[in-house]
Amino acid sequence: MGGYSPFIFTDNDEFIVIDQRFLPQIKKVKLENLNDTCMAIKDMIVRGAPLIGIVAAFGYYLAIKNAKDLDELNQASLTAYTNLLATRPTAVNLKWAVESQKKLIEQNAFLPVEKIIKKVRANAFGIFEDQKKADYEMAKNALVLFDKKMRILTHCNTGSFATGGIGTALGIIKYAAQQNLVEEVYVDETRPYFQGSRITAFELSKENINYKIVTDSACGILMQKKLIDCIIVGADRIAKNGDVANKVGTYCLAQLAKLHNVKFFVAAPESTIDRSLNNLSDLDIEIRDSSEILNFNGVNLAPDGAKALYFAFDVTPNYLIDSIITEKGIYRPDFEL
Ligand code: MRU
């Protein structure tokens, strides 16, 4: 189940990622250093909250691996930390991963530099392995939410291409499908990057799971016509009170779900919970370049000179969410994460 790796990191430190902008076509890109890694995250060659954390952790290692002494190591570590954090602001997994690398270096400063570098490399692999395990645990925990064969709507891509494992929301769907608990999946195409139609549909087709791609704006009529039993989405950051930041459009889905009495579930690893924030009222929501809305693959989708506003994420308030599923279990309202 879900055996497509969005990257490889070899014994010789070759770091090769699938360029997700071209999926379902497979194109690979080699990341040689910190700059390449930052560019890959910023330009969304790789994307998905857990995956950008994992890629950042490997990029951090590339940035420090040639340090000759502690001064060089500390300097390279600071540059890696600052540059990686500046790539994309909303998903907390990135911050969590680079902080883990930075702390590891600080806490082991008494060791020879080569040993610290080895630990940083191992930590990147550890973060990757933990995510794969968390995906499975989430999928198992979520099974209690399936009381019949479900018709599920999902948004964006939360599968192997977003985590390196089976995925979060999509991992749950894949696992439930294996137990014959999935009737059909409605896949939001997720404009403008089309994570749904290009990536989620690709993963579902590989798993032979019934799916239909729908336009993002069809969610209302699908719920009105009672075609959806539940919605399962991922998250980029979750506050202590259960507010969830996720791909733009999630908030509209949650509002409509409440109106139509459709269950609304969020799946994410514990590393997506930002316990430093009580709520997400003041969250820094990434605004991406409007050209990503106005053009697709070099084709103009609007007249010359058209302006666009591209919020990449939105915030769904806790009161619209029925359950938050993590590897530890299921949180229900009132959320106290
Ligand atoms: O802009 P993206 O593609 O990085 O956004 C991804 C999402 O919003 C996902 O739903 C979220 O990261 C969860 S991925 C398991």
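Me: Which residues are buried in helix α10 (residues 250–260)?
Reply: T250, L253, A254, L256 and A257. Buried here means 20 or more other C-beta atoms within 10 Å of the residue's own; exposed means 12 or fewer, partly exposed is in between, and C-beta atoms are placed from the backbone. Helices (H or I, at least four residues) and strands (E, at least two) are DSSP runs, numbered from the N terminus.

Me: Is this an experimental or a predicted model, and how are residues numbered?
Reply: The model is predicted: local features need pLDDT of at least 70, side-chain atom pairs count only at pLDDT 80 or more, and totals for chains, interfaces and linings use all residues. Residues are numbered from 1 along each chain as its sequence is written.

Me: Back to α10. What do its buried residues pack against?
Reply: They pack against α9 (219–224), β7 (230–233), β9, β10 (263–267) and β14 (313–316). Contact means that the C-beta atoms of two residues, placed from the backbone, lie within 7 Å.

Me: What happens just after α10?
Reply: N261 takes a positive phi of about 60° there. N261 sits in the loop between α10 and β10.

Me: Is N261 buried or exposed?
Reply: Exposed, because it has 8 other C-beta atoms within 10 Å.

Me: Where is M44, and what is its phi?
Reply: M44 is in the loop between α1 (34–42) and α2. Its phi is near 60°, positive in a residue other than glycine. M44 counts as partly exposed because it has 19 C-beta neighbours inside 10 Å.

Me: Which residues does the cis peptide bond with omega of about 10° join?
Reply: L23 and P24. P24 lies in the loop between β2 (15–18) and β3 (28–31). The peptide bond from P333 to D334 is also cis, with omega near -15°, and D334 is in the segment after β16 (329–331).

Me: New topic. How is the protein divided into domains?
Reply: Into domain 1 (7–136) and domain 2 (140–331). The bounds come from an automatic or database domain assignment. Taken over C-alpha atoms, the centres of the two domains are 25 Å apart.

Me: How many residues does each domain put into the contact?
Reply: Domain 1 gives 23 residues and domain 2 gives 30.

Me: Which elements give two or more residues to the domain 1 side?
Reply: α2, α4 (92–107) and α5 (113–142). Of the elements on that side, α5 gives the most, with 6 residues. By class, the domain 1 side has 14 nonpolar, 6 polar and 3 charged residues. Ala, Val, Leu, Ile, Met, Phe, Trp, Tyr, Cys and Pro count as nonpolar, Asp, Glu, Lys and Arg as charged, and the others, Gly among them, as polar.

Me: Where does the ligand lie relative to the domains, and why?
Reply: The ligand lies between domain 1 and domain 2, because both give residues to the shell around it.

Me: How many residues surround the ligand, and which are closest?
Reply: 17 residues surround it, and the closest are R47, A49, A162, G234 and K247. The elements giving two or more residues to this shell are α2 (49–64), α6 (160–163) and β9 (244–247). The shell divides into 7 nonpolar, 7 polar and 3 charged residues.

Me: And the largest nonpolar core: which members touch the most others?
Reply: Of its 54 residues, I172, I173, I231, I232, V266 and A267. Helix α7 (residues 169–178) gives the most to this core, with 7 residues. A second, separate core of 45 residues includes C38, A80, I116 and I199. A nonpolar core is a set of buried Ala, Val, Leu, Ile, Met, Phe, Trp, Tyr and Cys residues joined through C-beta atoms within 7 Å.

Me: What does A267 touch?
Reply: M138, A142, T168, A169, I172, I232, G234 and I325, leaving out residues up to four places away in sequence.

Me: Last one. How many helices and strands are there?
Reply: The protein has 11 helices and 16 strands. Of its 337 residues, 47% count as buried.

Conventions: Near = placed C-beta within 6 Å.
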